[in-house]
Amino acid sequence: GDSVTQMEGPVTLSEEAFLTINCTYTATGYPSLFWYVQYPGEGLQLLLKATKADDKGSNKGFEATYRKETTSFHLEKGSVQVSDSAVYFCALSEKAGNTGKLIFGQGTTLQVKP
Amino acid sequence: NAGVTQTPKFQVLKTGQSMTLQCAQDMNHEYMSWYRQDPGMGLRLIHYSVGAGITDQGEVPNGYNVSRSTTEDFPLRLLSAAPSQTSVYFCASSYGLTYTFGSGTRLTVV
């Protein structure tokens, strides 16, 4: 079945450092890809998404490009802030359209130190 | 505020007890789903529904029941709680590729 694999954490960075969180996927067909963020004690919020190959999702300085040739959707940010400390989840929807269900990676904890 | 409302936020159960986690949405979304979040395992799908009267199993359905009698509500029932069901539970509703998550229920089974 379809699956998502994220780099293991925790990731600890100093403020203003460059961030990369790796995400690769296995899917039959053409999934849509997402990054969600979970701040301490809260639910999940959509950070960005991409629905087809070579699409770039971006939001709040974060970016990720849908790479079909490498089945990847790595999350990047050029300069992290302490407020970016959270758990980040990569996810896919099995088809290009709505299926009502998401498949998540295991999550990567990011800690940013001042 | 419009969104997904989960109750209760916290619950402690004894092994063998039953309970229902409530989930309600006011966005008229057709699709709803339940996930559990465990450390190092991300979120795993328990059950989902594509409309009133229609439900299906996800990745980890054992020990849980659901029903969808209305578009708005999608309760999750634990028939006989086990310590392995200690987790954080999230409900979500979706329309297109827009998923809205509730704030979660932290369940401890002792």
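Q: Why is Ala86(A) called buried in this predicted model?
A: Ala86(A) has a relative accessible area of 5%. The term buried applies under 20%, and Ala86(A) is therefore classed as buried.

Q: Which residues does Ala86(A) touch, and what makes these contacts?
A: Leaving aside residues up to four places away in sequence, Ala86(A) touches Val37(A), Gln38(A), Tyr39(A), Thr108(A), Thr109(A) and Leu110(A). They count as contacts because heavy atoms lie within 4.5 Å.

Q: Where is Ala86(A) found, and what separates the C-alpha atoms of Ala86(A) and Pro40(A)?
A: Ala86(A) belongs to strand β10 of chain A, residues 86-93.

Q: What makes β1 and β7 of chain B the edge strands of their sheet?
A: The open sheet has four strands in the order β1-β3-β8-β7 (chain B), with antiparallel pairing. Strands β1 (4-7) and β7 (64-66) of chain B each pair on one side only, and they are the edge strands. Neighbouring strands of this sheet are turned by 20° against each other on average, direction ignored.

Q: What makes up the lining of the largest pocket, and which residues lie nearest its centre?
A: The lining has 35 residues, and Gln38(A), Gly41(A), Gln37(B), Val88(B) and Arg106(B) lie nearest the centre. By class, 14 are nonpolar, 16 polar and five charged.

Q: Which strand gives the most to the lining of the second largest pocket?
A: That strand is β5(B), with four residues. The second largest pocket holds about 240 Å³ of space. It is lined by 13 residues, and those closest to its centre are Leu102(A), Ile103(A), Arg44(B), Leu45(B) and Glu59(B). Its lining divides into seven nonpolar, two polar and four charged residues. Arg44(B) and Glu59(B) are classed as charged because Arg and Glu belong to that group.

Technical notes
Residues numbered from 1 in each chain as written. Chains lettered and ligands numbered in written order. Predicted model: local features only at pLDDT ≥ 70, side-chain atom pairs only at ≥ 80, totals over all residues. Heavy atoms only, no water. Pairing = 2+ DSSP bridges. Helix = DSSP H or I, 4+ residues; strand = E, 2+ residues; numbered from the N terminus. Axes fitted to C-alpha atoms, helices over the stretch in contact; angles between N-to-C directions. Buried < 20%, exposed > 50% of the residue type's maximum accessible area, 1.4 Å probe, protein only. 1 Å grid on protein atoms, 1.4 Å probe; cavity = no way out; pocket = protein on both sides within 12 Å on 5 of 7 lines; lining within 4 Å. Points joined across faces, edges and corners; volume = space filled by probe spheres on them.
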